[in-house]
Amino acid sequence: MADQDCPYKEIVDIFNTICGTKYLHTSEAIRKLIKARWKEGHRVDDFRLAISNVYNKWKHDEKMVAYIRPHTVFTGKFDSYKNMVKVKPGANAIPNYSYTEEVQEFETRPVMWHEIPHEERKVLWAEYWAQEIESNPDAPEETIREKVKQLSERAYNKAYK
């Protein structure tokens with residue numbers, strides 16, 4: 001199979017649109033994974049389904065969200081990702097991956113706590129934890145934790161969005 005027969009750019013564009021990432025279709029590692037799945041007979045709709053399934057299943061899981069990447073989705077477990085859940089049309093999947101209002105909204109949406117880089121989280125946590133303990137010494141720890149997350153998200157978004 002000729003390399004140009006495999007729609008690397010289209011598949012990576014689908015991944016980036018659904019997941020809000022900026023992977024390059026020229027990455028040799030990603031191309032190698034896509035080509036291997038392509039040779040197995042998977043096609044563009046299979047890639048779209050696997051990406052949507054993984055994203056929808058893991059996007060709110062703090063442990064798994066870090067694994068929403070081509071190097072995970074396009075591995076030998078691709079078929080299981082494609083079949084992990086049945087995504088109904090319009091149910092959190094983006095069937096048309098062209099640049100739409102939904103994509104623009106995703107790009108401008110606020111960053112959530114689990115999306116803030118680890119080092120930034122540590123700094124923000126330390127700063128706001130001390131501040132909240134001082135101002136609310138009798139508040140339950142869980143209340144302070146949630147407030148610190150909200151303050152951190154707000155500060156990060158103000159600085160970087």
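Helix 1 is largely enclosed by the rest of the structure, because 9 of its 12 residues are buried. Buried here means under 20% relative accessible area, exposed means over 50%, and partly exposed lies in between (1.4 Å probe, protein chains only). The model is predicted, so local features need pLDDT of at least 70 and side-chain atom pairs count only at pLDDT 80 or more, while totals for chains, interfaces and linings use all residues. Residues are numbered from 1 along each chain as its sequence is written, and side-chain values use heavy atoms, with hydrogens and water left out.

The protein has 8 helices and 0 strands. Its pattern along the sequence is α-α-α-α-α-α-α-α. Helices (H or I, at least four residues) and strands (E, at least two) are DSSP runs, numbered from the N terminus. Of the 161 residues in the protein, 34% are buried. Contact means heavy atoms within 4.5 Å. Among contacts between residues at least 6 apart in sequence, 67% join residues at least 24 apart.

Helix 1 covers residues 8–19. Its end C-alpha atoms are 16 Å apart, which agrees with the 16 Å that 12 residues should span at 1.5 Å a residue. The expected span is 1.5 Å times one less than the number of residues in the helix. The buried residues of helix 1 are Tyr-8, Ile-11, Val-12, Ile-14, Phe-15, Asn-16, Thr-17, Ile-18 and Cys-19. Just after the helix comes Gly-20, with a positive phi of about 70°.

Val-12 is buried, at a relative accessible area of 2%. Leaving aside residues up to four places away in sequence, Val-12 touches Tyr-23, Leu-24, His-25, Ile-30 and Ile-34. Its C-alpha atom is 5.5 Å from that of His-25, 13 residues away in sequence. Asn-16 is also in helix 1. Asn-16 is buried, with a relative accessible area of 12%. Beyond residues up to four places away in sequence, Asn-16 touches Thr-21, Lys-22 and Tyr-23. Asn-16 and Arg-69 are 53 residues apart along the chain, and their C-alpha atoms are separated by 9.3 Å.

Helix 1 packs against helix 2 (residues 28–39) at an angle of about 105°, with the axes 11 Å apart. This makes the two helices roughly perpendicular. Axes are lines fitted to C-alpha atoms, for helices over the stretch in contact, and angles run from 0 to 180 degrees between N-to-C directions. Angles under 35 degrees count as roughly parallel, over 145 as roughly antiparallel, 65 to 115 as roughly perpendicular and the rest as oblique. Helix 1 supplies Tyr-8, Ile-11 and Val-12 to the contact, and helix 2 supplies Ile-30, Arg-31, Ile-34, Lys-35 and Trp-38. By class, this contact has 6 nonpolar, no polar and 2 charged residues. Ala, Val, Leu, Ile, Met, Phe, Trp, Tyr, Cys and Pro count as nonpolar, Asp, Glu, Lys and Arg as charged, and the others, Gly among them, as polar.

The axes of helix 1 and helix 3 come within 10 Å and cross at roughly 25°. That makes helix 1 roughly parallel to helix 3. On the helix 1 side, Glu-10, Ile-11, Ile-14, Phe-15, Ile-18 and Cys-19 take part. They meet Val-44, Phe-47, Arg-48, Ile-51, Ser-52 and Tyr-55 of helix 3. This contact of helix 1 with helix 3 has 9 nonpolar, 1 polar and 2 charged residues.

Helix 3 runs over residues 44–58, and its end C-alpha atoms are 21 Å apart, which agrees with the 21 Å that its 15 residues should span at 1.5 Å a residue. Helix 3 is mostly covered, with 12 of its 15 residues buried. Among them are Val-44, Phe-47, Ile-51, Tyr-55 and Trp-58.

Tyr-81, in helix 5 (residues 78–82), is buried at 10% relative accessibility. Apart from residues up to four places away in sequence, Tyr-81 touches Ala-50, Asn-53, Val-54, Trp-58, Thr-72, Val-73 and Thr-75.

Met-112 lies in the loop between helix 6 (101–108) and helix 7 (118–135). Met-112 is partly exposed, with a relative accessible area of 40%.
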